[in-house]
Amino acid sequence: MNCNIGVIRGDGIGPEVVSEAIKVLDAVAKKYNHTFNYDEILMGGCSIDATGEPLTKEAIEQAKAADAVLLGSIGGDAKTSPWYKLPADKRPEAGLLGIRKALNLFANLRPAYLYPQLKEACPLRDDIIGDGFDMMIMRELTGGLYFGKRETREVNGKTEAYDTLTYNEDEIRRIAIRGFDIAMKRKKKVTSVDKANVLDSSRLWRKVVEEVAADYPEVTLEHMLVDNAAMQLVKDPKQFDVILTENMFGDILSDEASMVTGSIGMLSSASLNDTKFGLYEPSGGSAPDIAGKGIANPIATILSAAMMLRFTFDMDKEADAIENAINKVLDEGYRTIDIMPAPGKELTGITQVGTEKMGDLIVEHL
C-alpha cells in the first residue's frame, strides 16, 4: 500500500519523538511491503521562526493533500520563549487550533490504558488499580469555549475579558455518534460528562446525547457532572469505558487520566474528521525543559503512529504488531526516565534507556 503522510515535527521534544515513530513506521513498511511517503510540514514555534506565522496557508494545503498527519508537539516555555510575547493568535498553540478547524478534526480520541508492566508507575493505591483499567476519552475538538467569541476590553476604566462557550446540536450529535460507535466495539458503556446543573450548553449536550443513545440500545449511557468525573477518575478509574465530553472538559480530564496511567509519555491521541483522515499526536506537550537531552519517551508518538495505521489505513495487523512490540520491550524491563519506578519502589530487571534506544528496541521486536 502507498501512503502519503504529512509530518509535523514541531517544537521541544517533538522532532526527537517523531524521528523514532518514523523509524518504527519504516520498519513496518519494510516488513509488510508498504510504501510510506513523508511530507515535512511546518507548524508551531518553528513555523513562527521561519515564516512569522504559527500556521501558514501552504501548511494547511500540505496537510489536506496528505492521507494522514503525524504530529510531534508544539510550543515552548511560556516564561522565556519570545513566541509568548506575540499576540495570542500568533503563538504556537494558535497553529494547533487553526489546523484542527481547517481540517474539521472534530473528534479527539485519547485512550488511557494502564500497562500491567507499569503498575508501579501509577500513583493510585493497588486496591484502586485492581487488574488495571482501559478507557477511551472522546473529546469534541472544534467547538466550545476554545473556538467561541472572545475579547479583552476596557469597561469603565477596568480591564475585563470574556470567552463564549457555544455548541449547536449538530456539533454535539456528530461527536456523540462517534462515541457510541466506538463503545459498540468496546465494553458498550458511555459516560457523558457535562455541567448540566449550571450551563445551558451542557443541558443541550445532555439532550442530544440522549437522542443519539436511543439508536444504540445495546450501549449503557450514564451522565456525570464534570467535577464528579474528575473525582471518579482517581477514585475508581475501572468504572469507565468511553468518556464523551466537550472541548474544555475533555482537555482537562484527558490530562488527568494520563497521569493516572503513570506517565503522559505513554498516551497516544487521534483527531479525526468525517472521512478516514486523521491527525495523530502524543497526548503530552513539547516539554522544552528536556528537549535535546535524549530522554523523552517516544512510546506515545509511536502508539499514535499505530493509531494512524489502524484508523486511517485500516492496517490492523500492522498496528497490532507495533503494540505487541512495545509490550515486549516493557516486559523485558526497558524504561525511559518518566516510567522508571519511583524511589522506594525499585524493581530488579529494570533498565533505563533514552529516546533513541527505546525506538531501536521496538524496531527490533517488529
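A cavity, as I use the word, is a set of points on a 1 Å grid over the protein atoms alone where a 1.4 Å probe fits but cannot get out. A pocket is an open set with protein on both sides within 12 Å along at least five of seven lines, and lining residues have an atom within 4 Å of a point. Grid points are joined across faces, edges and corners, and a volume is the space filled by probe spheres set on the points.

The model is predicted, so local features need pLDDT of at least 70 and side-chain atom pairs count only at pLDDT 80 or more, while totals for chains, interfaces and linings use all residues. Residues are numbered from 1 along each chain as its sequence is written, and side-chain values use heavy atoms, with hydrogens and water left out.

**Entry 1. Cavities**

I searched the whole structure and found 2 cavities of 30 Å³ or more. I listed its lining: L165, Y167, V193, D194, L199, S201, S202, W205, E246 and F249. I then looked up the elements (DSSP runs numbered from the N terminus: helices are H or I with at least four residues, strands are E with at least two). β8 (189-194) and α7 (200-213) each give at least two residues to this lining. The largest share, 3 residues, is from α7.

I sorted the lining by class. Ala, Val, Leu, Ile, Met, Phe, Trp, Tyr, Cys and Pro count as nonpolar, Asp, Glu, Lys and Arg as charged, and the others, Gly among them, as polar. The cavity lining has 6 nonpolar, 2 polar and 2 charged residues.

**Entry 2. Largest pocket**

I put the volume of the largest pocket at about 910 Å³. I counted 28 lining residues, of which M136, R186, M307, R310 and F311 lie nearest the centre. Two or more lining residues come from each of β4 (107-113), β5 (134-140), α6 (169-184), α10 and α11 (316-331). α10 supplies the largest share, 4 residues. The classes divide into 14 nonpolar, 3 polar and 11 charged.

**Entry 3. Second largest pocket**

This one holds about 450 Å³ of space. I found 25 residues in its lining, with I74, E93, L96, R100 and G285 nearest the centre. β3 (68-73), α4 (92-102) and α9 each give two or more residues. α4 gives the most, 4 residues. By class I have 10 nonpolar, 8 polar and 7 charged.

**Entry 4. α8 against α9**

Two packed helices are described by the angle between their axes and the distance between the axes. Axes are lines fitted to C-alpha atoms, for helices over the stretch in contact, and angles run from 0 to 180 degrees between N-to-C directions. I read an angle of about 10° for α8 (residues 226-235) and α9, with the axes 10 Å apart. α8 is therefore roughly parallel to α9 (angles under 35 degrees count as roughly parallel).

Which residues of α8 and α9 meet? I looked for contacts (heavy atoms within 4.5 Å). From α8 I noted V226, A229, A230, L233 and V234; from α9, F249, L253, E256, A257 and V260. The classes in this contact are 9 nonpolar, no polar and 1 charged.

**Entry 5. Two buried residues**

I checked accessibility for single residues (buried is under 20% relative accessible area, exposed over 50%, partly exposed in between, with a 1.4 Å probe and protein chains only). S268 sits in the loop between α9 (247-260) and β11 (270-272). S268 has a relative accessible area of 5%, so it is buried. Not counting residues up to four places away in sequence, S268 touches L109, R110, P111, E281, S283, A300, L303, S304 and M307.

A305 belongs to helix α10 (residues 299-311). It counts as buried because its relative accessibility is 1%. With residues up to four places away in sequence left out, A305 touches A21, L25 and L70. I also checked A305 against V18: they are 287 residues apart along the chain, and their C-alpha atoms are separated by 9.3 Å.

**Entry 6. Positive phi**

A287 is not a glycine, yet its phi is positive, about 40°. I placed A287 in the loop between β12 (278-280) and α10. A287 is partly exposed, at a relative accessible area of 24%.

D314 also is not a glycine and has a positive phi of about 55°. D314 lies in the loop between α10 and α11. Is D314 buried or exposed? I have it as exposed, because its relative accessible area is 52%.

Methods
Parallel < 35°, antiparallel > 145°, perpendicular 65-115°, else oblique.
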